[in-house]
Amino acid sequence: MMFYLGLMWEYFKNYAKTRLTYRADFWIEVVSDLAFQAINLIVILIAFRHTPTLGGWTEAEVVFVFGYFMVPYGIFSCFFDLWNFSERYIVKGEMDRVLTRPAHNLFQILLENMYPPGLIGSFVGLVIMAVTARQMGMTFDWTDLVMLLVLTAGAVMVYFGLYTALTAIGFFTDAPTGILPLMFNLQSYGRYPVTIYNRTMRFVLTWLLPFAFVGVYPASYFLERSGAADLRMALLTPAVGLVFTAIGLVVWNIGVKRYRGAGS
Amino acid sequence: MQPAIEVHELRKTFKVQRNREGLAGALRDLFRREYVEVTAVKDISFTIPQGEICGYIGENGAGKSTTIKMLAGILVPTSGTVRVAGYVPWRERERFVRNIGVVFGQRSQLWWDIGVIESFRLLRKVYRVPMADYRRRLDELVERLQLGDLLNRPVRKLSLGQRMRCELVASLLHNPSILFLDEPTIGLDIVVKTEIREFLIRLNREHGTTILLTTHDLQDIEALCSRVIMLDDGRIIYDGGLDELKTRWSRGREIRLQFGEQVALERLERLTADLPGASWQAGRDMTAVLRVPADVNLSDALARVVGSGVDIRDIKFMETSTDEIVREIYKSGSASGAERLVGAT
């Protein structure tokens, strides 16, 4: 564990050194990331110009959920930037190099593609949560802080497991699949209250592609409106995270065995 | 002492998707794909003892890279067994790879945008090399390969020769007992090639590093290898010493003669008629080539020509080069060539 933390730091330093040579790119990326999130927030704000509540949720509550959504998403986008995995590692065969080094291959790939500016989104999310929490007059104590850590860890694991499994598809087919962009669109549904969707959609977002567990479910732990059922779903987050992470790793490891290298 | 590399009945089969022709074919592919099985490596077996430098040669697509990738733990074999440095490479990959170094000539293992030394530092962490060992090792390698002033330059600003020397350092920082080199000299100029060869010989002599290299440059083989494994279409067609390969396949030696007058071929053939296997070939501008099989004494053959009173201006002795031998073997085709070689062993 210490070994991997140490490696993370080393890779971060190398990331920083590389990035400092391309400073303009760095700021453009950060700004465009935040602009993307800002637009999503503005959509919510505009929606509430027309209606006081959405499926029984007030504006402050929905924005709070949105803020929470940004926290695990930021961490996820910092450590999981594998959108070009298939092309870079499978087609060009860089997986060869990764497999000849003594650290877990998935971990190496995640570190090589680390994207620390993603974390800025998490901070913005925390600020949004704090602001809306004050509006609603919510009170926080230290158990809430611990729960925030636990639930965020669970949500990050949901992302990680799901996207690891989907990225591993690259090992089984060399043709590009449109699944990742599709997922990316689907995951944004997780930042709105699931009660506004129909039953099928709710089922999908809860059990099949559990994006409700990266946003609304864990966030509702903190909201005053939540009943026992909401709390149960919130507390399920770490369990769902563990299950999906396990699935993701199993699929990944099967994929690595099927890796066939690029001809050279 | 256990051998460095043990391979038994190793096989690797790839499933390759076959694309049907035309738009209709593409549509049919959408629903039902056809796969063709391609066997890249066909049940090969060999053993390499510790401290040996072994050349692994064959034409493109003969299965060299596939074999090396199985030995390095990158690919999982379809059947057969592999043991390298006492490990089953793909099964205990992370522990196993600390014992090997790998250089793929066509691909870089260094970070493109940062100084070479930063890549080395990161590799030190990945391989968990103690600081003192790392320093000693790096100093030694940098001195041997004369990298001193390159270390702070980013990889993208290095020439191919400089980069390749850095790749070698990167693969050796953790002091591996086995080194796999896939085309280490590809695209390099003769000076760098020689430097790298000398470096490898010294590495092998001083540290006892076992080296397995694939190459298309047979001078690499001549300079480095005591043993050659030749692959054709996934099968081993020769495994043995380089000298044996030469004697078995060599068409003997050649004497090139430059005459001062026009000499009829018949006259020359009459001169050496009593030497079994000797043959003549006329060249342009009053030259001729005499081929002498390995079992005929060279001076006997020469004495017959020189003593005949023919006006000879110049004499050159040639030995069939490894290049020619290998070309000959490739040309002769796999199956018959294999029988001839294996039968002779």
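This is a predicted model: local features need pLDDT of at least 70, side-chain atom pairs count only at pLDDT 80 or more; totals for chains, interfaces and linings use all residues.
Sorted by class, the residues in the contact of H3(A) with H7(A) comprise 17 nonpolar and 9 polar ones, with no charged residues.

From this pair within chain A, the reader can turn to the place where chain A meets chain B. The contact between the chains draws 20 residues from chain A and 26 residues from chain B. On the side of chain B that touches chain A, at least two residues each are supplied by helix H2 (64-71), helix H3 (93-96), strand E5 (100-104) and helix H4 (116-127) of chain B. Of these, H4(B) provides the largest share, with 5 residues. In terms of class, that side of chain B has 13 nonpolar residues, along with 4 polar and 9 charged ones.

Chain B can also be followed through its domains. The domain assignment divides chain B into domain 1, made up of 50-81 + 88-247, and domain 2, which takes in 251-319. Taken over C-alpha atoms, the centres of domain 1 of chain B and domain 2 of chain B are separated by 45 Å.

Conventions
Residues are numbered from 1 along each chain as its sequence is written. Chains are lettered from A and ligands numbered from 1 in the order in which they are written. Two residues are in contact if their C-beta atoms, placed from the backbone, lie within 7 Å. Helices (H or I, at least four residues) and strands (E, at least two) are DSSP runs, numbered from the N terminus. Ala, Val, Leu, Ile, Met, Phe, Trp, Tyr, Cys and Pro count as nonpolar, Asp, Glu, Lys and Arg as charged, and the others, Gly among them, as polar. Domain bounds come from an automatic or database domain assignment.
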